[in-house]
Amino acid sequence: MTNSNPLNMKHVWLCDLAHTYQTLSMNKMPLGIGMIAAYCQKEISSDVSIHLFKFLDELLKQMNNSEPPIIIGFANYVWNNNLNLEVARRLKTKYPKTIIVMGGPNFTSDDEDRLKFFQKSPWVDFYITLEGEKSFCNIVKLALEYNSDINKIKQTKPKNTIFLNNNQLMKGGLLPRTELPELPSPYLEGLFDKYFGKLMPMIQTTRGCPFQCAYCYDGLMHWCQITRRDPKILQQEMEYIAQRCQKSDHFYITDANFGMYIEDVETSKMIATLQDKYSWPWYISINTGKYNKERIFEAVKITRGAMAVSAALQSTDPIVLKNVHRINLPMDDIIELVNDTKKINSSAGTSSHLILGLPGDTTQAHRQSIKDVINSNIDVAILFQFMLLPGTELAAKEAREKYKMNVKYRVLAYCSGKYDWLNNEKNIIVSEIEPICVANNTLSFTDYLECRKLDLTVAMFYNDAILADLYRVLAALNISVFDFICDLQSLALQSNMKIIYDKFIEETKGELHDSPEEILEFIKKPGVLEKYKKGEYGANLIFKYKTLAYFKFMDFIINAAYQHATKLIRQQEKTTLKNIPHIFDFLRELKKLHHSLLVELLNIDKSFEFAFDFNVAEFHSKSLPFSEVKKELSKIKIEHTAEQKNIIKESIKRHGNNLVGISKMISQLPLAMLMRKTTIVQ
């Protein structure tokens with residue numbers, strides 16, 4: 001903003017803090033506070049300087065080099081709630097006249113709980129609900145008008161806010177929905193320049209969701225209307241990003257249903273132009289829509305398969321879907337979309353989300369949902385647990401009682417830490433906590449643990465298409481891939497790999513607590529945080545044990561899969577095997593290829609060169625149907641490409657080369673994109 005009178009400059013700070021103790025917990029641009037800052041700069045003509053903070057150390061540096069701010073805003077999410085509250089408390093102590101504002105989805109909808117929040121955190125002056133740009137800007141204007149007199153500001157009852165006044169819970173009126181074309185781009189305003197090379201670029205092209213899923217914040221009626229960014233600004237914004245981001249960065253689009261709308265096709269064309277000009281983005285993380293498969297596929301095709309098709313199902317059980325007000329893309333449409341995507345050799349692959357423990361869920365329903373995903377030939381089943389997000393329908397007391405939810409509390413993965421504060425003051429020791437449903441009136445805790453065990457099996461033996469070539473062979477012979485994976489679990493439990501399951505279940509039970517307070521006391525015990533630092537505690541357990549399995553038992557995974565496949569195929573009718581006399585020779589070569597692709601997956605200096613008698617390289621790289629297997633003598637080199645080496649190096653640099661860092665990395669990148677590539681050398 002214009003600085004015509006620097007001596008009277010007023011400072012506004014906006015924070016979207018990330019934990020950094022174990023690894024960088026949230027490595028994306030702080031889009032929410034960036035859009036608020038850009039809007040404030042547009043609307044406020046006074047001498048106001050706005051500063052953004054993603055990291056605690058940059059906030060501490062600013063405190064040493066700046067006048068006290070008139071307002072400090074915090075973007076409040078499940079992954080930084082307690083860190084925000086503790087930092088806000090200390091800032092209020094240091095700057096008692098500064099107005100503390102919080103906003104974001106991580107806030108209860110129950111007035112009784114809201115009152116308790118303000119009574120427990122009296123240093124928070126306002127909580128902004130719903131959209132933040134206009135409401136925060138309004139508070140800044142009021143602070144300037146009333147010289148930061150908090151009592152006078154509260155008397156105006158700022159819209160979209162909740163606050164405490166004389167120990168009474170007060171609410172401002174509701175603002176109309178924001179039209180996205182009203183909002184300037186934080187990128188084009190230069191607000192994120194300092195974060196390029198550190199954080200992944202993220203944009204929003206639409207805001208709102210027409211669906212009303214009961215477990216999701218976007219399912220609130222308020223968000224049903226869809227509003228869209230100005231396409232000219234959007235194009236300029238993406239060009240700006242492409243010129244400045246690292247080529248190894250992937251790209252996030254936060255839309256709830258990308259690909260459902262005709263405008264998404266135009267956005268995809270803009271992205272394709274960037275790919276031609278900058279060879280970026282190579283991977284786009286999105287949530288694809290719940291209908292209009294033709295348009296979704298068109299978007300994927302235009303972006304050369306860089307767009308990860310996400311067929312988010314949550315469940316395929318009709319009772320569960322009814323209970324949570326969920327509408328899914330029909331399974332036939334999903335199968336067609338997945339098959340079409342594979343035809344264009346999409347490097348980003350396909351995925352589906354499933355949630356364990358939703359109302360009405362059972363062991364059989366969860367198993368069937370996984371089976372449906374696998375039968376659809378989707379590459380990755382992303383398996384979540386039912387987190388009760390504040391403000392959503394299913395987090396309300398009535399829903400908990402109706403479905404007899406057994407709610408436990410655990411530390412959110414990678415979101416704990418010990419952080420220095422100013423002048424050798426007492427360290428901040430804090431952890432983010434999530435409530436999850438571990439049983440309900442249709443799913444016992446014992447059932448929950450068995451389902452979690454299956455989830456780990458799917459993550460290790462199926463996800464990321466690590467054995468997709470073998471599974472194509474099995475499917476062609478009418479051998480159930482889901483049943484095969486269940487067999488692999490039984491084999492693993494009879495081997496040394498059983499320790500992976502035992503430790504996983506032990507830690508799954510051990511991470512659950514009866515209350516948030518119990519967790520906060522636990523992390524303050526001597527030596528506990530050091531265990532979080534090492535990854536012994538506080539990791540995403542599926543990815544932690546998947547990582548351990550890949551680096552300790554990859555040989556077993558490959559050998560067990562091929563040995564069991566050979567056994568099942570030998571049991572086929574003799575007439576069937578007579579038609580494919582060389583199948584076992586082909587499987588031996590395919591196993592050798594798989595070993596070369598996967599062993600020491602992140603070792604970029606390791607490469608292989610083999611002679612093959614079959615077209616295994618083409619079978620793998622082009623996802624050929626089994627019917628096109630043939631004898632074809634060739635010499636194949638198997639190694640990471642220069643682009644892959646750069647992606648791996650940059651990812652390890654960003655997250656670390658320990659268990660915590662690697663498991664965080666593979667939770668964000670499809671491993672299929674990191675597998676060595678095959679090249680025919682003769």
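Modeller: Two strands count as paired here if DSSP finds at least two bridges between them. The model is a predicted one. In it, strand S18 and strand S19, the latter made of residues 631-639, are joined by six bridges in the antiparallel sense. Within this pairing, Phe 610 has Ile 636 of S19 opposite it. Strands of a sheet are held to one another by backbone hydrogen bonds, in either a parallel or an antiparallel arrangement.

The whole sheet is open and has three strands, in the order S18-S19-S20, with antiparallel pairing. S18 (608-614) and S20 (677-680) are the edge strands; each has a single partner strand, so one side of each has no neighbour in the sheet. From one strand to the next the twist averages 35°. Helix H23, residues 583-598, lies across S18, S19 and S20, and runs at about 160° to S18.

For reference, take helix H16. With 13 residues (481-493) at 1.5 Å a residue, H16 should span 18 Å, and its end C-alpha atoms are 19 Å apart, which agrees. Phe 482 is itself buried, as are other residues of H16, including Val 481, Phe 484, Ile 485 and Leu 488. The cover over the buried residues of H16 includes helices H12 (363-375), H14 (445-461), H15 (468-476), H17 (498-510) and H21 (554-570).

Conventions: Residues are numbered from 1 along each chain as its sequence is written. This is a predicted model: local features need pLDDT of at least 70, side-chain atom pairs count only at pLDDT 80 or more; totals for chains, interfaces and linings use all residues. Side-chain values use heavy atoms; hydrogens and water are left out. Helices (H or I, at least four residues) and strands (E, at least two) are DSSP runs, numbered from the N terminus. Axes are lines fitted to C-alpha atoms, for helices over the stretch in contact, and angles run from 0 to 180 degrees between N-to-C directions. Contact means heavy atoms within 4.5 Å. The expected span of a helix is 1.5 Å times one less than its number of residues. Buried means under 20% relative accessible area, exposed over 50%, partly exposed in between (1.4 Å probe, protein chains only).
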